[in-house]
Amino acid sequence: MQAVIAVILGIFGTAFFGLLFQWVDRLVTARIQWRKGPPIYQPLADILKLLGKETVVSERASVGWFLLAPVLGFTGVCVAACILWAALLNPQPDSGFVGDLIVVVYFLIFPSLALILGASASGNPYAAVGASREMKLVIAYELPFILAMVPPILKANLSLKLTDIVQAQSDGVTLASVGGFLAFLCMLAAVQAKLGVVPFDQAEAETELTGGAIVEYSGPALAMIRLTRGMLLFLLPLFVITVFWGGVHFSGWGWLTSPLKFIVLLVVIVLMRNTSPRLRIDQAMRFFWFIVGPIAVAAAFISVYHHGML
Amino acid sequence: MSVVERMKLWGLKKSPWVYHLNTGACNNCDIEILELLTPRFDVERLGVLLAPSPRHADALLVTGICTKQARPRLQEIYRQTPKPCLVVCIGACACTGGIFHDGWHFDGPVDEAIREVDPDAMIIYIPGCPPKPEAMIATIAKALGDL
């Protein structure tokens, strides 16, 4: 029963909050630019409209892979969402195994891989450039992203279970330690790149690649890609909160603090997106390898020292 | 009308993404289109977004007389746009040819070029040289209301 609830909430709840977050993102962007912004149902209207449209597939495209890629990305996000919600709904450490940190990290790479696959299969030169940029970006941000998990894992006594990580933070969140905070900052940069928003939207780059990786998609396939994006916009903050910020609680003060954590993370993402220009792909790689990467390594060493393992 | 069709139509009315296509305009209508996206008019509040590729578009905003060079490209772009899609002829030139209707390079007007590809195309006309952004918003709103 618990599993069924987790799956239903994981998919529909994440989709609902994802679309809501997409609306908040667009509204805040509009307000920053002194515009009025779209109404609350806008992301839903976009999805419904795209579902009702024709799917055009290019002659040179490899049809099967082209249409399968958005489904793969969507599936990955759904599975990651279910695992996270299951850990949320049943935080007792003795609950059965539903998947740990490593599984979630794997499934969170799915949307990027699916984007690369779909773009390469589309037969469009712009999409090919977009795919190669997305590939470089994944290579650049995955290492800091995974290294940033070291402090939370150490805090949970080398346990990779999400429930253990949340439980270990009941006497103080990972974010509060020096190593944890540095890792959290690295995580924020990686989240920005995972979401594919400015300054790391090189793969799409509307102004130079006219949509890049998603240029050939239309109709339901594009709807699925947009829904995946929306779900990620909710899921990645949820993941960061679970790993670094004590998780989400629905009792007492939890009703107030849990939404607040989401709002803070979303505001950071939206503000970064609106106040920075797009980096060139080589600048983005240099940023992740030579700035974020060393900080993540330092964070890992600091927390190893802190936990007395050095 | 079934529920599914009604939802599709609602989506189409509430989120028309536009693709901007110049088929030989003097750039004046294009400037007025860009006005639409600025904070003063902000068409995003009506769900309108500027699509980077015709694949994502629901409406083609066509400006300019259809020149001999532009005609096959206009037709190809119309074919590449997923249906249902609207064609919006913006400005006197796109609607009729305007003062260039005698020009040697004139091969339009736009609606004829589109009808050659698809006789049932949904075409909207916004006359003016250039039309005001308010006129464009009013016309597109009326057209979407009539869908």
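**Close-up 1. Loop of chain A that holds A:Pro199.** A:Pro199 sits in the loop between helix 8 (178–195) and helix 9 (206–209) of chain A; helices (H or I, at least four residues) and strands (E, at least two) are DSSP runs, numbered from the N terminus. The peptide bond from A:Val198 to A:Pro199 is cis, with omega about 5°. The model is predicted: local features need pLDDT of at least 70, side-chain atom pairs count only at pLDDT 80 or more, and totals for chains, interfaces and linings use all residues. Residues are numbered from 1 along each chain as its sequence is written, while chains are lettered from A and ligands numbered from 1 in the order in which they are written.

**Close-up 2. Loop of chain B that holds B:Pro84.** B:Pro84 belongs to the loop between helix 3 (70–80) and strand 4 (86–90) of chain B. A cis peptide bond, with omega about 0°, links B:Lys83 to B:Pro84.

**Close-up 3. A:Asn157 in its loop.** The loop between helix 6 (150–155) and helix 7 (162–168) of chain A contains A:Asn157. Although A:Asn157 is not glycine, its phi is positive, near 55°. A:Asn157 counts as exposed because it has 10 C-beta neighbours inside 10 Å; a residue is buried with 20 or more other C-beta atoms within 10 Å of its own, exposed with 12 or fewer, and partly exposed in between, C-beta atoms being placed from the backbone.

Close-up 4. B:Asn27 is exposed, with 11 other C-beta atoms within 10 Å.
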